Every structure is written in C-alpha cells, then in structure tokens.
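Please keep the sequence and the model in view while reading.

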Amino acid sequence: MAGVHLIAAVGLSGQIGLDGEVPWHGRPEFAEHTARDLAEFARLTAGGVLIMGSVTAAKLPPTFRPKDRSIVVWRRHYDPEDVIRHYRKQDRDVWVCGGQKVYETLIPYVDWHHISVIPYDGPADRFLPPILPHWSAA
Ligand SMILES: NC(=O)c1ccc[n+]([C@@H]2O[C@H](COP(=O)([O-])OP(=O)(O)OC[C@H]3O[C@@H](n4cnc5c(N)ncnc54)[C@H](OP(=O)(O)O)[C@@H]3O)[C@@H](O)[C@H]2O)c1
C-alpha cells in the first residue's frame, strides 16, 4: 500500500542545511556517505511524488528529475491535508524531501521515516524538527 514517507539525511544534532546546501557539502570525509545516500534516494523515490521546498527544488540536480517521478514544489499557502489526500487517493508513494518548513508542515501526515545519519557535528542553519512527540528539538 502506498503511503507518505519522510526522507532526510541528518547530522548528529539533526542538522540538515547550511547556507543553502547540506552542511557536509564538499567535505571529502563525508563523500562516501553522500554518494550512498543519493543512490538510495534515487532508488527509493522512483515512481513516487516528491514534495520539496522551493530552495531545495532549485538545487535538485537534473539526474534527480527523471520522468518516473513527480516533483511538487511546496508553497506556503498549500493546505497540507488537501495535498496529502489528493495523492493518497492516487495510491502513489509520497516522499517529503524537506527543507525544514516542509518537514515541519508535513510531519503529522508521515507514515514512515527514512533517516540517514551523517557523522557530522558542525554548524547548521536548518534542522530536522522533532519527529516523535517525545523527541526534543536539536
Ligand atoms: N539534509 C537533507 O536531507 C535536506 C533535505 C532538503 C533540504 N536540505 C537543506 O535545507 C535547506 C533548504 O531548505 P529551506 O528550509 O531553506 O528551504 P525549502 O524548504 O527548500 O524552501 C522553503 C519552503 O518553505 C515554504 N514555507 C515558508 N514558510 C512557510 C510556512 N509558514 N508554512 C508552510 N510552508 C512555508 C516555502 O514556500 P513559499 O515558496 O510559498 O515561500 C518554500 O517552499 C538547504 O540548506 C538544503 O541543502 C537538506
């Protein structure tokens, strides 16, 4: 059965972004993790609907825009309930791809989490919000 998935790569304190990139962008020590995550992202999301924020979408490499998946660029005036209901009716997997505000808005609708932890412990300006009610903010 299709469902709503959250997919994210996070640092050790929930970091997801810094200056418009992932915080470990360009750091050779994380290159292997990054390559593995991108390959997994491509494999998992094939055929699905990818919901992502406008900043994230603008940076999406062309190789992640294959014709077998739809990309929905999130806008703040969208009603999350309507959007999720629409795609659930189509019985398609929905992938919530970030950034921070998109995760915050759609977390209540997520069935499954696919989180890859990167052993990065540095600064960030975007974080994955707490996913489970008992998690505290980073
Ligand atoms: N590590 C990861 O897995 C991961 C995944 C994704 C992104 N990132 C990182 O995160 C950063 C980009 O994320 P971002 O958070 O800056 O931007 P973003 O999520 O790509 O774009 C911001 C989005 O939030 C929407 N928004 C703004 N205010 C809102 C509100 N009050 N309610 C609902 N939606 C609202 C905007 O809609 P409008 O267009 O209508 O303003 C826009 O679509 C980059 O550093 C990127 O590398 C990391």
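The questions below concern a predicted model and pass from the whole chain to single residues.

Q: How many helices and strands are there in the chain?
A: From the N terminus on, the elements follow the order β-β-α-β-α-β-α-β-α-β-β. Counted by type, the chain holds four helices and seven strands.

Q: What is the radius of gyration of the chain, and what would a compact globule have?
A: The C-alpha atoms fill a box of roughly 40 × 35 × 25 Å along the principal axes. For 138 residues, a compact globule would have a radius of gyration near 14 Å. The chain agrees with this expectation, because its own value is 14 Å.

Q: Among contacts between residues at least 6 apart in sequence, what percentage join residues at least 24 apart?
A: A contact here requires C-beta atoms within 7 Å. Among the contacts between residues at least 6 apart in sequence, the share that joins residues at least 24 apart is 75%.

Q: Which residues of strand 3 point one way, and which the other way?
A: In a regular strand, side chains alternate between the two faces of the sheet. In strand 3, which covers residues 49-52, all four residues are buried. V49 and I51 point one way, and the other way point L50 and M52.

Q: In strand 4, which residue is the bridge partner of M52?
A: Strand 3 and strand 4 (residues 70-73) run parallel and are joined by four bridges. Within this pairing, the partner of M52 is V73.

Q: In strand 5, which residue is the bridge partner of L50?
A: Strand 3 also pairs with strand 5 in the parallel sense, over three bridges. On strand 5, the residue bridged to L50 is W95.

Q: Which element gives the largest share of the shell around the ligand?
A: The ligand is surrounded by 22 residues, and the closest are G17, G53, V55, G98 and G99. Two or more residues each come from strand 1 (4-10), strand 2, helix 2 (54-58) and helix 4 (100-106). The largest share, four residues, comes from helix 4.

Q: How many residues of the shell around the ligand are charged?
A: The shell includes eight nonpolar residues and nine polar ones. The number of charged residues in the shell is five.

Q: Which residue is joined to G98 by a cis peptide bond?
A: The bond has an omega of about 0 degrees.

Q: How far apart in space are D19 and G122?
A: In sequence, D19 and G122 are 103 residues apart. From C-alpha to C-alpha, their separation in space is 13 Å.

Q: What is the phi of D91?
A: D91 is placed in the loop between helix 3 (80-89) and strand 5. With 9 other C-beta atoms within 10 Å, D91 is exposed. Although D91 is not a glycine, its phi is positive, at about 55 degrees.

Conventions
Residues are numbered from 1 along each chain as its sequence is written. This is a predicted model: local features need pLDDT of at least 70, side-chain atom pairs count only at pLDDT 80 or more; totals for chains, interfaces and linings use all residues. A residue is near a molecule or strand if its C-beta atom, placed from the backbone, lies within 6 Å of it. Ala, Val, Leu, Ile, Met, Phe, Trp, Tyr, Cys and Pro count as nonpolar, Asp, Glu, Lys and Arg as charged, and the others, Gly among them, as polar. A residue is buried if 20 or more other C-beta atoms lie within 10 Å of its own, exposed if 12 or fewer, and partly exposed in between; C-beta atoms are placed from the backbone. Two strands pair if DSSP finds at least two bridges between them. The radius of gyration is taken over C-alpha atoms; the globule rule is 2.2 Å times the number of residues to the power 0.38. Two residues are in contact if their C-beta atoms, placed from the backbone, lie within 7 Å.
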